[in-house]
Amino acid sequence: MRKSGPPKGLISYLVLELLDERPRYGYELLGEITEISGGHWEPSYGSVYPILYKFEEEGVAERVEREDEPDRKYFALTDAGREELAEKRREIGGEAEDFGDVVLGFYHLYAALATDDRFEVDDAEGDWGYSERYSAWTVEQIIRHHERDFGEFERIDASPEEFYDEADGTDRDETDPDSSETEMADGAEESEGTSSGAADD
């Protein structure tokens, strides 16, 4: 679990979304963000409360009193806060590919530390290590969460370039009939090489 939680800009967005749902206090927001991350982020008080106070100063959020809990500092979103949230939603909506690249980049680095002889990291004396076992567990968790949220997991047989072309709406067959077959073959060879490296750990 990352004690520091997600990047600050992402915490701000999550705080706005949660306050838009209903008024919340700081500790409650910490728990909600930890839950959203599946328990893998644990934002600190020092990351959430300054955001709430900044939102209050800017008129994005306001404190609300509750008779049943007079000692708790509840915050609610203002009209200006809803405008800020709308802008944040547009920003986050355009960063989906970046989020995917972060996940894939860290996984590739993890696999490299486990299999590439150029890296000689010390085995940690903790619960985790760089090995095939922990790699498999990580992938298993991603698949389980995928199936929980989206339904049965189906593998996508495409190289990264083919996948991005499809996402961009590019039809490579129209521009170069031979390119798709060549890249599929290259992608398969690259995939086999990567798989064998991970299995050798």
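1. Helix 4, which covers residues 79-93 and so counts 15 residues, spans 21 Å from its first C-alpha to its last, close to the 21 Å expected at 1.5 Å a residue. Like everything else in this note, that value comes from a predicted model.

2. The buried residues of helix 4 are G81, L85, K88 and I92. Seen down the helix axis, these buried residues fall within an arc of 65°, and they therefore line one face of helix 4. On the face turned away from that buried side, helix 4 carries the exposed residues D79, E83, R90 and G93.

3. As for the overall content, the protein has nine helices and three strands, and along the sequence these elements follow the pattern α-β-α-α-β-β-α-α-α-α-α-α. Of the 201 residues of the protein, 27% count as buried.

4. The three strands form an open sheet in the order 1-3-2, and their pairing is antiparallel. Strand 1 (24-25) and strand 2 (61-64) stand at the edges of the sheet, where each has a single partner strand, so one side of each is left without a neighbour in the sheet. In general terms, strands of a sheet pair through backbone hydrogen bonds, in either a parallel or an antiparallel manner.

5. Which strand do two bridges join to strand 1? The partner is strand 3 (residues 74-77), and the two strands run antiparallel. At the level of residues, R24 stands opposite F75, which belongs to strand 3.

6. Two packed helices are described by the angle between their axes and by the distance between those axes. For helix 2 (residues 26-36) and helix 3 (residues 45-58), the packing angle is about 120° and the axes are 10 Å apart. Because angles of 65 to 115 degrees count as roughly perpendicular and those over 145 as roughly antiparallel, this angle makes helix 2 oblique to helix 3. The crossing of helix 2 and helix 3 is right-handed.

7. The C-alpha atom of E42 is separated by 7.9 Å from that of G31, although the two residues are eleven residues apart along the chain.

Conventions
Residues are numbered from 1 along each chain as its sequence is written. This is a predicted model: local features need pLDDT of at least 70, side-chain atom pairs count only at pLDDT 80 or more; totals for chains, interfaces and linings use all residues. Side-chain values use heavy atoms; hydrogens and water are left out. Two strands pair if DSSP finds at least two bridges between them. Helices (H or I, at least four residues) and strands (E, at least two) are DSSP runs, numbered from the N terminus. The expected span of a helix is 1.5 Å times one less than its number of residues. Buried means under 20% relative accessible area, exposed over 50%, partly exposed in between (1.4 Å probe, protein chains only). The arc is that of the directions from the helix axis to the C-beta atoms. Axes are lines fitted to C-alpha atoms, for helices over the stretch in contact, and angles run from 0 to 180 degrees between N-to-C directions. Angles under 35 degrees count as roughly parallel, over 145 as roughly antiparallel, 65 to 115 as roughly perpendicular and the rest as oblique. A crossing is left-handed if the near helix is turned anticlockwise from the far one by less than a right angle, and right-handed if clockwise.
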